[in-house]
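Here's a quick briefing to read alongside the model. Take a look at the structure first, then work through the points below.

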Protein chains: 2
Amino acid sequence: MDVLKELEEFRKKDIPYTRVLSSMCTLPHPIAVEAHKMFLNTNLGDPGIFRGTFELEKKLIKMIGEMLHNDIASGYICSGGTEANIQGIRAARNFMKKKNPNIVVPKTAHFSFEKIGDILRVEVRRAKVDEEYKVEVAEVENLVDDSTVAIVGIAGTTELGQIDPIVELSKLAEEKGIWMHVDAAFGGLVIPFMDDPYPFDFVNKGVKSITIDPHKMGMATIPAGGIIFRDQSYLKTLEVETPYLTSKTQYTLTGTRPGTGVASAYAVLKSLGYEGMKKVVKTCLKNTRALVDEMKALNFEPVIEPVMNVVAFKTEKADKIKEELYKREWVISTIRNPRAIRFVIMPHVSEETIKSFIEVFRKVLVEV
Amino acid sequence: MDVLKELEEFRKKDIPYTRVLSSMCTLPHPIAVEAHKMFLNTNLGDPGIFRGTFELEKKLIKMIGEMLHNDIASGYICSGGTEANIQGIRAARNFMKKKNPNIVVPKTAHFSFEKIGDILRVEVRRAKVDEEYKVEVAEVENLVDDSTVAIVGIAGTTELGQIDPIVELSKLAEEKGIWMHVDAAFGGLVIPFMDDPYPFDFVNKGVKSITIDPHKMGMATIPAGGIIFRDQSYLKTLEVETPYLTSKTQYTLTGTRPGTGVASAYAVLKSLGYEGMKKVVKTCLKNTRALVDEMKALNFEPVIEPVMNVVAFKTEKADKIKEELYKREWVISTIRNPRAIRFVIMPHVSEETIKSFIEVFRKVLVEV
């Protein structure tokens, strides 16, 4: 069999995005796909060869930095949120130079923080959240000690899309002289386009690094994560020498690194602009609201009123519901505390998709 | 200006591969590009959604495992050699459970091992090499102690394409009860296709993990690194729980992860097959030989007679030559010990390219 035909058979077994209500990734924007193809052969691992692509990355980082209220931001486009968070915490660890370092993160932080703790050999302390699932600042303060190298706040939690009190966390970090890292992998490209956006970014003086992923709400092609530092000096703590490249040092985690994420992220942000992104976010929020209304009509209560386009509904039958839907090739996810089913209403989730989903959901409810 | 036009302007500033003699990456094979496009929207971070792509990955890992003389190999396609080496060493560190862990690597190991030491908080001990730039096994033995969690051997060093005495290193690792990791990022897809291949892989009982990158000599699209373990149990040491995904645990370093590298690597290996790959490698070796002949005619001596398609030539003027060539938009690289100019003769480097290069090189020699 022809290899491309064989590949097609595998590809057909994937569930199409039109039935995925659980992912923080989405179909890339058509302009992202075009840009991606143009940069398919690029490798930012050697910026002396890929000079133009590297220049484009600097332009994109400046653009994202300015959106995050920082003209002198420094950073790069990486493999995704996990690498971005590793690099933020690694920079903090290297910068703070403590023995037996620990970090304080909200209980709601992404599971990858466990990975990060293991990789970087940093103790991960999880602080309690309040009834709105925002981290309690007093709890964070209790957990901080002389060995704490970073306080982490989340702008758009994975489970509920909640935003931690980053303003207060940043003040605490400043007071204590501790690095503050914001995980805005998801919310970083939602919040700036909402009405009356919460100040989660570099306007807070304590914030030294921010994770913000174009391949989530930025509709860029995978892989396109982002790690942005307050200025170049913070990035320096990550550098190693690179003897056989055209550059002298390397601050990235990976060596070879595609330029496709840079090109696709830039293409989307530049062509849509602020107004275009605002429209995308508005539609996602409207569709989230529509789902909430449908679910309320079916007697499901959201865990919290959605802050952005992530929402979960309480039910003891969460796992069973997820399984039954999966059998019908619809993908949702669950959270554990409280027991709930969870939805992410990405740009690929249309009003029609929600309607089709609710029809199937009603049938499933009868059976579980 | 139209954003795609703008991107094109940046892309034009990149130096085309036809003038790149320094990179271990190459133009992807045309079949790799086709496969890549087909899997552009896939995300292996959620294998329950991308079931077909995940199945394909398992098939590819089995194929690579068998090539490496191991029917039950386990592993995954990652962002590149650095992630693969991080994961190999991290697995060793977690498996061996030593206080103040160290690893022993050849002096010739890739610079990313410095990064890995920093990231994983593992001491990196560099063992001397002999006059052929192979690590001295006695030196490795001297550096090993009770806290050593891994011995690393290189199959295709970055600077010279040399192969360490992996058979002896593996025996040493077995004797001492230490994890052996082979960095075959480059050589892993060269050596198996050479006449009388050196036994660098799982035939050596001590070898627990191997880095092997399809986006180097496998002509896959970037990113496509590979980390392969002797069996599934070794991979287990990397797992964390993944509450809101369709899977229960995750052993990868990154979360979101493109399926493009899997598809493009599979497409190349499957369509070319053993004979096709042998032909590619043969051509690269022949062209390397052609370059050596041209250089010898110009009174340049190779640091070692090339083992594979990487070669360096001694000269005190290495940096100056590199700079002058770069001004003319030809990219070579240098090594520091001994002072030499270095070439990687990848599939994109044709006989004609070498001829054009030598013409420019002659002119540069007059000036430096």
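At what angle do α3(A) and helix α1 of chain B pack, and how far apart are their axes? The angle is about 130 degrees, and the axes lie 6 Å apart. Axes here are lines fitted to C-alpha atoms, for helices over the stretch in contact, and angles run from 0 to 180 degrees between N-to-C directions.

Before going further, keep in mind that this is a predicted model: local features need pLDDT of at least 70, side-chain atom pairs count only at pLDDT 80 or more, and totals for chains, interfaces and linings use all residues. Residues are numbered from 1 along each chain as its sequence is written, while chains are lettered from A and ligands numbered from 1 in the order in which they are written.

**How the two copies are related**

- Turn chain A by 180 degrees, with a shift of 0.0 Å along the axis, and it can be laid on chain B with an RMSD of 0.0 Å (copies are superposed by least squares on the C-alpha atoms of residues with pLDDT of at least 70 in both).
- The two copies are thus related as by a two-fold rotation axis.
- Of the residues of chain A, L120(A) comes closest to that axis, with its C-alpha at 2.6 Å.

**Where chain A meets chain B**

- On each side there are 76 residues: 76 of chain A are in contact with 76 of chain B. Two residues are in contact if their C-beta atoms, placed from the backbone, lie within 7 Å.
- The elements of chain A that give two or more residues to this side are α1, α2 (30-38), α3 (51-67), α4 (81-96), α5 (112-120), β8 (240-241), α9 and β11 (333-335). Helices (H or I, at least four residues) and strands (E, at least two) are DSSP runs, numbered from the N terminus.
- The largest share of the side of chain A that touches chain B, seven residues, comes from α1(A).
- Sorted by class, the side of chain A that touches chain B has 33 nonpolar, 24 polar and 19 charged residues. Ala, Val, Leu, Ile, Met, Phe, Trp, Tyr, Cys and Pro count as nonpolar, Asp, Glu, Lys and Arg as charged, and the others, Gly among them, as polar.
- The copies meet through the same surface, because 100% of the interface residues of chain A are also interface residues in chain B.

**Helix pairs between the chains**

- Back to the opening pair: helices α3(A) and α1(B) pack at about 130 degrees. That makes α3(A) oblique to α1(B); angles under 35 degrees count as roughly parallel, over 145 as roughly antiparallel, 65 to 115 as roughly perpendicular and the rest as oblique.
- This contact brings together G52(A), T53(A), E55(A) and L56(A) of α3(A) with F10(B), R11(B) and K12(B) of α1(B). By class, that gives two nonpolar, two polar and three charged residues.
- Helix α1 (residues 3-12) of chain A and helix α2 (residues 30-38) of chain B have axes that come within 10 Å and cross at roughly 20 degrees. That makes α1(A) roughly parallel to α2(B).
- Making this contact are V3(A), L4(A), L7(A), E8(A) and R11(A) of α1(A) and I31(B), E34(B), A35(B) and M38(B) of α2(B). Six of the residues in the contact of α1(A) with α2(B) are nonpolar, none polar and three charged.

**Two domains in chain A**

- 17 residues of domain 1 of chain A are in contact with 17 residues of domain 2 of chain A.
- The side of domain 1 of chain A that touches domain 2 of chain A has 13 nonpolar, two polar and two charged residues.

- Most residues other than glycine have a negative phi, and most peptide bonds are trans.
- I222(A) and P223(A) are joined by a cis peptide bond, with omega about 0 degrees. P223(A) sits in the loop between β6 (207-211) and β7 (225-229) of chain A.
- N100(B) is not a glycine, yet has a positive phi of about 45 degrees. N100(B) lies in the loop between α4 (81-96) and β2 (102-106) of chain B.
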